[in-house]
Amino acid sequence: MIDLTPRTPYRQRTGVLFGAVMIGHLILISAQVQSKAGVPVLEGVTFGVFSRIQGGAAGLFRGVAGTWNSYFNLRGVSAENEALRQQVATLEVRLQEQRAQAQRADRLQALLGFKESTALPTLAAEVIAGNSNPGLLTVTINRGTADGVQADMAVISPKGIIGRIVGPVASHPARVQLLIDRSAAAGAVTERARAGGVVAGVEGDPPLAMDLVSNLADVKPGDVVVASGTDGMFPKGFVVGTVEKSERGPSLYRLITVRPAVDFSSLEDVLVVLVPARGAVPDDLATPEVKK
(Lines give C-alpha, C1' and ligand atoms only; values in the text may rest on other atoms or scores of the structure.)
Protein backbone atom coordinates (compact mmCIF):
# COMPACT_ATOMS: atom_id res chain seq x y z
CA MET A 1 0.00 0.00 0.00
CA ILE A 2 1.05 3.53 -0.66
CA ASP A 3 1.30 5.77 2.46
CA LEU A 4 -0.40 9.04 1.55
CA THR A 5 0.07 10.64 5.03
CA PRO A 6 1.79 14.03 4.62
CA ARG A 7 5.25 14.04 6.04
CA THR A 8 7.22 16.99 7.40
CA PRO A 9 9.87 17.96 4.93
CA TYR A 10 13.41 17.18 5.97
CA ARG A 11 14.55 20.80 5.81
CA GLN A 12 11.68 21.95 8.03
CA ARG A 13 12.50 19.35 10.66
CA THR A 14 16.14 20.38 10.53
CA GLY A 15 15.18 24.05 11.05
CA VAL A 16 13.06 23.20 14.07
CA LEU A 17 15.84 21.12 15.59
CA PHE A 18 18.37 23.89 14.96
CA GLY A 19 16.11 26.46 16.59
CA ALA A 20 15.61 24.27 19.65
CA VAL A 21 19.36 23.80 19.96
CA MET A 22 19.94 27.56 19.68
CA ILE A 23 17.32 28.31 22.36
CA GLY A 24 18.93 25.70 24.62
CA HIS A 25 22.35 27.33 24.11
CA LEU A 26 20.90 30.75 24.90
CA ILE A 27 19.32 29.43 28.10
CA LEU A 28 22.62 27.83 29.14
CA ILE A 29 24.55 31.00 28.36
CA SER A 30 21.97 33.16 30.19
CA ALA A 31 22.28 30.91 33.22
CA GLN A 32 26.07 31.42 33.25
CA VAL A 33 26.37 35.07 32.22
CA GLN A 34 25.76 37.58 35.01
CA SER A 35 24.30 41.07 34.73
CA LYS A 36 25.87 44.23 36.18
CA ALA A 37 24.00 43.59 39.43
CA GLY A 38 25.70 40.18 39.77
CA VAL A 39 22.51 38.24 39.04
CA PRO A 40 22.43 35.64 36.22
CA VAL A 41 20.65 36.98 33.14
CA LEU A 42 18.28 34.00 33.03
CA GLU A 43 17.25 34.55 36.63
CA GLY A 44 16.73 38.29 36.00
CA VAL A 45 14.56 37.68 32.95
CA THR A 46 12.57 34.97 34.69
CA PHE A 47 12.11 37.14 37.77
CA GLY A 48 10.94 40.07 35.63
CA VAL A 49 8.41 37.95 33.76
CA PHE A 50 7.03 36.35 36.89
CA SER A 51 7.02 39.73 38.66
CA ARG A 52 4.77 41.11 35.95
CA ILE A 53 2.47 38.09 36.22
CA GLN A 54 2.36 38.40 40.00
CA GLY A 55 1.72 42.15 39.74
CA GLY A 56 -1.18 41.60 37.37
CA ALA A 57 -2.64 38.89 39.61
CA ALA A 58 -2.26 41.11 42.69
CA GLY A 59 -3.97 43.99 40.88
CA LEU A 60 -6.82 41.72 39.85
CA PHE A 61 -7.16 40.45 43.43
CA ARG A 62 -7.16 44.00 44.80
CA GLY A 63 -9.84 44.97 42.29
CA VAL A 64 -12.03 42.02 43.25
CA ALA A 65 -11.44 42.67 46.95
CA GLY A 66 -12.24 46.38 46.49
CA THR A 67 -15.46 45.56 44.66
CA TRP A 68 -16.46 43.09 47.39
CA ASN A 69 -15.69 45.59 50.14
CA SER A 70 -17.61 48.30 48.29
CA TYR A 71 -20.59 45.93 48.05
CA PHE A 72 -20.58 45.32 51.79
CA ASN A 73 -20.03 49.01 52.48
CA LEU A 74 -23.01 49.89 50.30
CA ARG A 75 -25.12 47.33 52.14
CA GLY A 76 -24.03 48.90 55.42
CA VAL A 77 -24.86 52.40 54.16
CA SER A 78 -28.27 51.22 52.93
CA ALA A 79 -29.06 49.67 56.33
CA GLU A 80 -27.88 52.85 58.06
CA ASN A 81 -30.06 54.99 55.78
CA GLU A 82 -33.07 52.79 56.53
CA ALA A 83 -32.43 53.14 60.27
CA LEU A 84 -32.15 56.92 59.86
CA ARG A 85 -35.41 57.04 57.90
CA GLN A 86 -37.17 55.12 60.66
CA GLN A 87 -35.76 57.51 63.26
CA VAL A 88 -36.94 60.51 61.25
CA ALA A 89 -40.42 58.99 60.89
CA THR A 90 -40.57 58.35 64.64
CA LEU A 91 -39.49 61.91 65.39
CA GLU A 92 -42.10 63.27 62.97
CA VAL A 93 -44.84 61.27 64.71
CA ARG A 94 -43.69 62.57 68.10
CA LEU A 95 -43.63 66.11 66.72
CA GLN A 96 -47.19 65.74 65.47
CA GLU A 97 -48.28 64.39 68.86
CA GLN A 98 -46.61 67.27 70.70
CA ARG A 99 -48.11 69.78 68.28
CA ALA A 100 -51.57 68.28 68.78
CA GLN A 101 -51.11 68.40 72.55
CA ALA A 102 -49.99 72.02 72.36
CA GLN A 103 -52.98 72.96 70.21
CA ARG A 104 -55.35 71.17 72.58
CA ALA A 105 -53.75 72.97 75.53
CA ASP A 106 -54.33 76.28 73.75
CA ARG A 107 -57.96 75.40 73.06
CA LEU A 108 -58.55 74.33 76.65
CA GLN A 109 -56.89 77.52 77.89
CA ALA A 110 -59.19 79.61 75.68
CA LEU A 111 -62.18 77.55 76.84
CA LEU A 112 -61.21 78.04 80.48
CA GLY A 113 -60.77 81.78 79.98
CA PHE A 114 -64.17 82.00 78.27
CA LYS A 115 -65.77 79.92 81.03
CA GLU A 116 -64.43 82.29 83.66
CA SER A 117 -65.57 85.36 81.73
CA THR A 118 -69.24 84.40 81.68
CA ALA A 119 -71.60 84.46 84.63
CA LEU A 120 -73.41 81.37 83.36
CA PRO A 121 -72.72 77.95 84.90
CA THR A 122 -71.03 75.84 82.25
CA LEU A 123 -69.48 72.39 81.89
CA ALA A 124 -66.56 71.60 79.59
CA ALA A 125 -67.08 68.63 77.27
CA GLU A 126 -65.15 66.91 74.50
CA VAL A 127 -66.63 65.94 71.15
CA ILE A 128 -66.12 62.20 70.80
CA ALA A 129 -68.14 61.35 67.67
CA GLY A 130 -70.14 62.72 64.78
CA ASN A 131 -73.31 61.49 63.12
CA SER A 132 -73.27 59.66 59.79
CA ASN A 133 -76.96 60.44 59.19
CA PRO A 134 -77.04 63.32 56.67
CA GLY A 135 -80.59 64.22 57.70
CA LEU A 136 -79.59 65.17 61.24
CA LEU A 137 -76.45 67.17 61.95
CA THR A 138 -75.31 66.17 65.44
CA VAL A 139 -72.16 65.41 67.41
CA THR A 140 -71.71 63.34 70.55
CA ILE A 141 -70.01 64.70 73.66
CA ASN A 142 -68.58 62.83 76.66
CA ARG A 143 -70.97 64.36 79.20
CA GLY A 144 -74.46 63.26 80.23
CA THR A 145 -77.02 63.15 83.01
CA ALA A 146 -74.36 62.05 85.51
CA ASP A 147 -72.74 65.45 84.93
CA GLY A 148 -75.99 67.43 85.16
CA VAL A 149 -76.63 67.62 81.42
CA GLN A 150 -80.29 67.79 80.33
CA ALA A 151 -82.12 67.94 77.02
CA ASP A 152 -82.42 71.38 75.37
CA MET A 153 -79.46 72.85 77.23
CA ALA A 154 -77.43 75.23 75.07
CA VAL A 155 -73.96 74.26 73.85
CA ILE A 156 -71.49 77.06 73.12
CA SER A 157 -67.82 77.76 72.46
CA PRO A 158 -65.60 80.85 72.82
CA LYS A 159 -66.46 81.72 69.19
CA GLY A 160 -70.23 81.46 69.49
CA ILE A 161 -73.31 79.25 69.65
CA ILE A 162 -72.97 75.60 68.61
CA GLY A 163 -76.38 74.06 69.24
CA ARG A 164 -78.47 72.31 71.89
CA ILE A 165 -78.60 68.98 73.72
CA VAL A 166 -81.17 66.60 72.24
CA GLY A 167 -82.71 63.68 74.09
CA PRO A 168 -82.59 61.04 75.17
CA VAL A 169 -79.51 61.84 77.27
CA ALA A 170 -77.42 58.95 78.64
CA SER A 171 -75.46 58.89 81.87
CA HIS A 172 -72.27 60.13 80.23
CA PRO A 173 -72.60 60.70 76.46
CA ALA A 174 -75.11 63.13 74.99
CA ARG A 175 -75.98 64.31 71.50
CA VAL A 176 -75.78 67.91 70.37
CA GLN A 177 -77.94 69.16 67.52
CA LEU A 178 -75.87 71.70 65.58
CA LEU A 179 -77.38 75.08 64.83
CA ILE A 180 -76.75 74.53 61.11
CA ASP A 181 -79.14 71.55 61.08
CA ARG A 182 -82.21 72.31 58.96
CA SER A 183 -84.55 71.60 61.88
CA ALA A 184 -82.62 73.84 64.30
CA ALA A 185 -83.40 77.49 65.07
CA ALA A 186 -82.53 80.25 67.52
CA GLY A 187 -83.91 83.67 68.33
CA ALA A 188 -81.48 86.30 67.04
CA VAL A 189 -80.93 90.03 66.64
CA THR A 190 -78.44 92.12 64.70
CA GLU A 191 -75.98 93.78 67.03
CA ARG A 192 -75.85 97.12 65.21
CA ALA A 193 -79.49 97.93 64.32
CA ARG A 194 -81.14 95.48 66.78
CA ALA A 195 -83.25 93.97 64.00
CA GLY A 196 -84.85 90.84 65.45
CA GLY A 197 -85.67 87.55 63.78
CA VAL A 198 -84.97 83.81 63.82
CA VAL A 199 -81.78 82.14 62.62
CA ALA A 200 -82.32 78.67 61.15
CA GLY A 201 -80.19 76.07 59.44
CA VAL A 202 -80.50 75.84 55.67
CA GLU A 203 -79.03 73.70 52.92
CA GLY A 204 -76.42 75.83 51.21
CA ASP A 205 -73.41 78.01 51.78
CA PRO A 206 -73.57 79.77 54.15
CA PRO A 207 -75.63 77.24 56.11
CA LEU A 208 -77.67 79.77 58.13
CA ALA A 209 -80.50 82.13 57.20
CA MET A 210 -82.13 84.87 59.27
CA ASP A 211 -85.89 84.87 58.81
CA LEU A 212 -88.78 87.09 59.90
CA VAL A 213 -86.78 90.31 59.52
CA SER A 214 -88.85 93.12 58.06
CA ASN A 215 -87.95 94.55 54.67
CA LEU A 216 -87.85 97.93 56.40
CA ALA A 217 -85.11 96.82 58.81
CA ASP A 218 -81.58 98.17 58.42
CA VAL A 219 -79.55 94.98 57.94
CA LYS A 220 -76.32 95.10 55.98
CA PRO A 221 -73.61 92.57 55.06
CA GLY A 222 -71.02 92.43 57.83
CA ASP A 223 -73.53 92.99 60.64
CA VAL A 224 -72.94 90.71 63.63
CA VAL A 225 -75.88 88.49 64.59
CA VAL A 226 -76.23 87.47 68.26
CA ALA A 227 -78.68 85.38 70.25
CA SER A 228 -81.68 87.39 71.45
CA GLY A 229 -82.57 85.00 74.28
CA THR A 230 -86.25 85.03 73.31
CA ASP A 231 -86.24 81.29 72.62
CA GLY A 232 -85.58 80.54 76.30
CA MET A 233 -82.69 78.27 75.34
CA PHE A 234 -79.67 80.15 74.02
CA PRO A 235 -78.17 82.81 76.29
CA LYS A 236 -78.64 86.39 75.15
CA GLY A 237 -75.71 88.16 73.55
CA PHE A 238 -73.75 85.09 72.38
CA VAL A 239 -72.53 85.39 68.80
CA VAL A 240 -74.33 83.44 66.09
CA GLY A 241 -72.54 84.71 63.00
CA THR A 242 -72.15 87.53 60.49
CA VAL A 243 -74.58 88.68 57.81
CA GLU A 244 -73.20 87.72 54.41
CA LYS A 245 -76.10 88.81 52.20
CA SER A 246 -79.12 91.02 52.90
CA GLU A 247 -81.67 91.69 50.14
CA ARG A 248 -85.24 92.92 50.01
CA GLY A 249 -87.55 89.95 49.80
CA PRO A 250 -90.64 89.44 47.60
CA SER A 251 -92.98 89.51 50.59
CA LEU A 252 -92.71 91.24 53.97
CA TYR A 253 -89.32 89.87 55.01
CA ARG A 254 -85.74 90.33 53.89
CA LEU A 255 -83.61 87.54 52.42
CA ILE A 256 -80.64 87.28 54.78
CA THR A 257 -77.88 84.69 54.88
CA VAL A 258 -75.56 84.34 57.85
CA ARG A 259 -72.03 82.95 58.02
CA PRO A 260 -71.67 81.04 61.34
CA ALA A 261 -69.05 82.23 63.79
CA VAL A 262 -68.23 78.62 64.67
CA ASP A 263 -66.38 76.27 62.32
CA PHE A 264 -68.65 73.25 62.60
CA SER A 265 -66.24 71.05 60.64
CA SER A 266 -63.62 71.10 63.41
CA LEU A 267 -65.47 70.87 66.72
CA GLU A 268 -63.37 69.35 69.50
CA ASP A 269 -64.11 71.04 72.85
CA VAL A 270 -67.36 72.73 73.86
CA LEU A 271 -69.19 74.16 76.87
CA VAL A 272 -72.63 73.02 77.99
CA VAL A 273 -74.67 75.80 79.62
CA LEU A 274 -76.06 74.15 82.75
CA VAL A 275 -79.28 76.16 82.69
CA PRO A 276 -82.51 74.26 81.91
CA ALA A 277 -84.36 75.56 78.88
CA ARG A 278 -87.52 77.62 79.38
CA GLY A 279 -90.34 78.44 77.03
CA ALA A 280 -90.08 81.37 74.66
CA VAL A 281 -90.23 84.69 76.51
CA PRO A 282 -90.59 88.31 75.43
CA ASP A 283 -87.38 90.13 74.60
CA ASP A 284 -87.44 92.29 77.74
CA LEU A 285 -87.60 89.18 79.93
CA ALA A 286 -84.83 87.28 78.14
CA THR A 287 -81.79 86.02 80.01
CA PRO A 288 -79.17 88.64 80.90
CA GLU A 289 -76.61 89.44 78.25
CA VAL A 290 -73.23 87.75 78.60
CA LYS A 291 -70.45 89.82 80.13
CA LYS A 292 -68.10 91.38 77.59
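Two strands count as paired if DSSP finds at least two bridges between them. The exercises below apply this rule and others to a predicted model.

**Exercise 1.** How many bridges join strand E7 to E8, and in which direction do the strands run?

*Solution.* Step 1: strand E7, residues 196-201, is joined to E8 by 4 bridges. Step 2: the rule asks for at least two bridges, so E7 and E8 are paired. Step 3: the two strands run antiparallel. Step 4: one of the bridges has Val198 with Asp211 of E8 as its partner. Step 5: E7 and E8 form a hairpin with 6 residues between them, and Gly204 in the turn has a positive phi of about 155°.

**Exercise 2.** Which residue in E11 is the bridge partner of Ala209?

*Solution.* Step 1: E8 and strand E11, residues 255-260, run antiparallel and are joined by 3 bridges. Step 2: within E11, Thr257 is the bridge partner of Ala209.

**Exercise 3.** Is Leu212 buried or exposed?

*Solution.* Step 1: Leu212 lies in the loop between strand E8 (208-211) and strand E9 (224-227). Step 2: its relative accessible area is 51%. Step 3: exposed means over 50%, so Leu212 is exposed. Step 4: Leu212, Leu252 and Tyr253 make a nonpolar surface patch of about 320 Å².

**Exercise 4.** Which residues have the most contacts inside the largest nonpolar core?

*Solution.* Step 1: the largest nonpolar core has 41 residues. Step 2: Ile141, Ile162 and Ile165 have the most contacts inside this core. Step 3: strand E12 (residues 269-273) gives the core its largest share, 4 residues. Step 4: Ile165 touches residues including Ile141, Val149 and Val272.

Conventions
Residues numbered from 1 in each chain as written. Predicted model: local features only at pLDDT ≥ 70, side-chain atom pairs only at ≥ 80, totals over all residues. Heavy atoms only, no water. Patch = residues over 30% accessible without salt bridge, like charges linked within 9 Å, V, L, I, M, F, W, Y side chains within 5 Å. Areas by Shrake-Rupley, 256 points an atom, 1.4 Å probe, with all protein chains shown as cover. Salt bridge = Lys/Arg side-chain N within 4 Å of Asp/Glu carboxyl O. Buried < 20%, exposed > 50% of the residue type's maximum accessible area, 1.4 Å probe, protein only. Core = buried A, V, L, I, M, F, W, Y, C linked by side-chain atoms within 4.5 Å. Contact = heavy atoms within 4.5 Å. Lists of a residue's contacts leave out its neighbours within four places in sequence.
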